[in-house]
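Visitor: I would like to learn how to read a model like this one. Please take me through it feature by feature.

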Amino acid sequence: MKTQQTGFTLVELVMVIIITGVLAVFVVPRALDLTAWRLNAFGAELKVQSMAMQRLALTQRRPVTATITTTGVSFAYVAGGVLATVSCSATVTPCITAGSGSIVTFNSANGGSTVTSTGSALPLTVSSGSTTLTYQIEAETGLFRSLP
């Protein structure tokens with residue numbers, strides 16, 4: 001009678017160790033890097049707030065400005081009064097790259113259009129380390145969109 005041996009072969013154990021090592025070296029640090037997650041969340045929040053401020057400006061028939069700095073965006077009425085602020089994460093400051101003194105005015109002169117400080121579409125780059133997200137605020141329409 002032959003007895004059947006159970007268990008793993010040496011080749012199978014070595015392969016599991018190699019795969020575990022590769023995962024530990026390359027995949028786990030990338031998965032645990034929360035910077036990309038924070039930047040995605042910041043970009044999403046910036047997009048949502050921009051759309052909300054544009055709607056607010058149109059429904060209240062009052063111009064709203066977005067002042068963009070390297071550490072975040074502040075929304076306020078043209079006549080004064082801060083409405084909202086979207087700040088970069090403390091671990092990723094500064095995170096925005098845009099022209100210095102970039103300002104976007106929603107419902108400019110109560111005409112319903114959006115005016116940027118550049119006079120054309122305003123590009124925004126949100127980045128930290130190797131992670132970069134690019135957005136653009138369109139002149140006239142105020143559309144806030146992601147770029148590839």
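The dialogue below covers strands, a helix, a cavity, a salt bridge and backbone angles.

Visitor: What should I know before I start?

Guide: This is a predicted model: local features need pLDDT of at least 70, side-chain atom pairs count only at pLDDT 80 or more, and totals for chains, interfaces and linings use all residues. Residues are numbered from 1 along each chain as its sequence is written, and side-chain values use heavy atoms, with hydrogens and water left out.

Visitor: How are strands and helices assigned, and how do strands pair?

Guide: Strands of a sheet pair through backbone hydrogen bonds, either parallel or antiparallel. Helices (H or I, at least four residues) and strands (E, at least two) are DSSP runs, numbered from the N terminus. Two strands pair if DSSP finds at least two bridges between them.

Visitor: How many bridges join strand 1 to strand 2?

Guide: There are 6, and the two strands run antiparallel. They form a hairpin with 2 residues between them. T69 has G72 in strand 2 as its bridge partner.

Visitor: Where does strand 2 go next?

Guide: Strand 2 pairs with strand 3 (residues 82-87), antiparallel, over 5 bridges. This hairpin has 4 residues between its strands, and G80 in the turn has a positive phi of about 120°. G72 turns up again here: its bridge partner in strand 3 is S87.

Visitor: Is strand 2 mostly covered or mostly open?

Guide: Mostly covered: 5 of its 6 residues are buried. Buried means under 20% relative accessible area, exposed over 50%, and partly exposed in between (1.4 Å probe, protein chains only).

Visitor: What is the strand order in the open sheet?

Guide: The order is 4-7-8-9, with 4 strands in antiparallel pairing. Strand 4 (96-97) and strand 9 are the edges, since each pairs on one side only. Strand 8 (residues 131-137) meets strand 9 (residues 144-147) over 4 antiparallel bridges. Q136 has R145 as its bridge partner in strand 9. I137 stands opposite F144 in that strand.

Visitor: How do I read a helix?

Guide: An α-helix has 3.6 residues a turn, so residues three or four places apart point the same way. Helix 2 has 26 residues and reaches 37 Å from its first C-alpha to its last, close to the 38 Å expected at 1.5 Å a residue. The expected span is 1.5 Å times one less than the number of residues.

Visitor: Which residues of helix 2 are buried?

Guide: Among them are L39, F42, G43, L46, Q49, S50 and M53. Just after helix 2, R61 takes a positive phi of about 55°.

Visitor: How is a cavity found?

Guide: Rolling a probe the size of a water molecule over the atoms shows where empty space is left. On a 1 Å grid over the protein atoms alone, a cavity is a set of points where a 1.4 Å probe fits but cannot get out; lining residues have an atom within 4 Å of a point. Grid points are joined across faces, edges and corners, and a volume is the space filled by probe spheres set on the points.

Visitor: How many cavities of 30 Å³ or more are there, and what lines the largest?

Guide: The count is 1. The largest cavity holds about 40 Å³ of space. Its lining is L46, S50, A66, I68, V73, F75, V104, F106, L124, I137 and F144. Helix 2 (35-60), strand 1 (64-69), strand 2 (72-77) and strand 5 (102-106) each give two or more residues to that lining.

Visitor: How many salt bridges does the whole structure hold?

Guide: A salt bridge is a side-chain nitrogen of Lys or Arg within 4 Å of a carboxyl oxygen of Asp or Glu. The search finds 1. R145 forms it with E138, the closest N and O atoms being 2.9 Å apart. R145 counts as partly exposed, because its relative accessibility is 32%. E138 counts as buried, at 19%.

Visitor: Where does N110 lie, and what is its phi?

Guide: N110 lies in the loop between strand 5 and strand 6 (115-116). Its phi is near 55°, a positive value in a residue other than glycine. N110 is partly exposed, at 48% relative accessibility.

Visitor: Is E140 buried or exposed?

Guide: E140 is exposed, with a relative accessible area of 55%. E140 sits in the hairpin of strand 8 and strand 9, which has 6 residues between the strands. Its phi is positive, about 75°, although E140 is not a glycine.

How values were computed:
1 Å grid on protein atoms, 1.4 Å probe; cavity = no way out; pocket = protein on both sides within 12 Å on 5 of 7 lines; lining within 4 Å.
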